[in-house]
Amino acid sequence: MTPDNPYEDFFESSGKQQPRSKDMDQKTPKKSVKKIPDEENIFKENIHDKRFKNSRESLDEVLASLRLFQREATAFSKLLSETRAIQHKVVSLISRLFFSSQKDPDKKSLAGERAYYRVLLKKFINIIEPMKGLAEIHRQTVEQFNRDIDEDYYSIDKEDHQIKKDKKQAIEGINLQRSILADAAADLDILTNALIATEKRMARYVDVGNYNNISSSELKLLISQRQDLTSGNDHQFQYQIFDINIIDKTVLQLGGYQKETSQQYLNKLMEAFKARN
């Protein structure tokens, strides 16, 4: 007798599916579905792959580093102006005699020398700390330029005349960085000499008695602490490598850039962030 429901062979009256027979399972092979990773997983898997790190070209990255330096250097250059390190420049007695504008920095008392010494230390620290950050940006910029940019540099998106223009801009920017750091190094050198001169004047008050008295031990400790600061050891930053003479500064202003010379300079830059033994 034919059932009223033609689909009764497939479904039970309760509505549940009939169990599959073993023969059917053997005849129908299972297909494995390959899971396609989503975009987020692809990024996580390839985050350490250099091909996925940055799509910008090397020359564009150098120009971006130059812009970053200039933003940071705006406030720094103003700081150098406000510090007025030049007014602390140590001059000889003969210079003071012949040039009335040169003032004797002698503060006439130990208390005055101590106060002047603290001012010099504060100015030195205010300069060297931000200068180290700028020098690090400068080092990375020079390193990438020397590594990636040469005469055969090729760009997918830019024409030759634009590449030439960008390379010139990069060289000018790097030279400007060196010039700014050189100005800061010169100011630090002036402040260092002023600190040393003040220590020599303070030595006149060693064991003299009364309120103008300083012990030999205290003065020696002050000198030792100052030497750690002005040598760059306190900040693990040898700022002296940025000190350039007038001739070198003129060459930089004219836009000169030699690969070999710059490579030697880069080697010194790598050592600038190490403390002296």
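**Terms and values**

Tutor: This is a predicted model, where local features need pLDDT of at least 70, side-chain atom pairs count only at pLDDT 80 or more, and totals for chains, interfaces and linings use all residues. Residues are numbered from 1 along each chain as its sequence is written, and side-chain values use heavy atoms, leaving out hydrogens and water.

Student: What makes the span of helix 4 agree with its number of residues?

Tutor: Helices are DSSP runs (H or I, at least four residues), numbered from the N terminus. The expected span is 1.5 Å times one less than the number of residues. Helix 4 has 26 residues, 58-83, so it should span 38 Å; its end C-alpha atoms are 37 Å apart, which agrees.

Student: Where is the kink in helix 4 centred?

Tutor: On Ala73, with a value of about 35°. The bend at a residue is the angle between axes fitted to the seven residues ending there and the seven starting there.

Student: Which residues of helix 4 are buried?

Tutor: Among them are Leu59, Val62, Leu66, Phe69, Ala73, Phe76 and Leu80. Buried means under 20% relative accessible area, exposed over 50%, and partly exposed in between (1.4 Å probe, protein chains only). The cover over the buried residues of helix 4 includes helix 6 (110-148) and helix 7 (160-202).

Student: Why is Asn210 called exposed?

Tutor: Its relative accessible area is 60%, and the cut-off for exposed is over 50%. Asn210 sits in the loop between helix 7 and helix 8 (216-230). Its phi is positive, near 50°, though Asn210 is not a glycine.

Student: Why is Gln236 called partly exposed?

Tutor: Gln236 has a relative accessible area of 44%, so it is partly exposed. Gln236 belongs to the loop between helix 8 and helix 9 (246-253). Its phi is also positive, about 50°.

Student: How many aromatic pairs are there?

Tutor: Three. Rings of Phe, Tyr and Trp (its six-membered ring) pair if their centres lie within 6.5 Å; planes under 30 degrees apart count as stacked, over 60 as edge-to-face and the rest as tilted.

Student: What makes the pair of Phe124 and Tyr239 edge-to-face?

Tutor: The ring centres are 5.8 Å apart and the planes are at 75°, so the pair is edge-to-face. Phe124 is in helix 6 and Tyr239 in the loop between helix 8 and helix 9, so the pair ties together parts 115 residues apart in sequence. Both Phe124 and Tyr239 are buried.

Definitions and conventions
Helices (H or I, at least four residues) and strands (E, at least two) are DSSP runs, numbered from the N terminus. Contact means heavy atoms within 4.5 Å.
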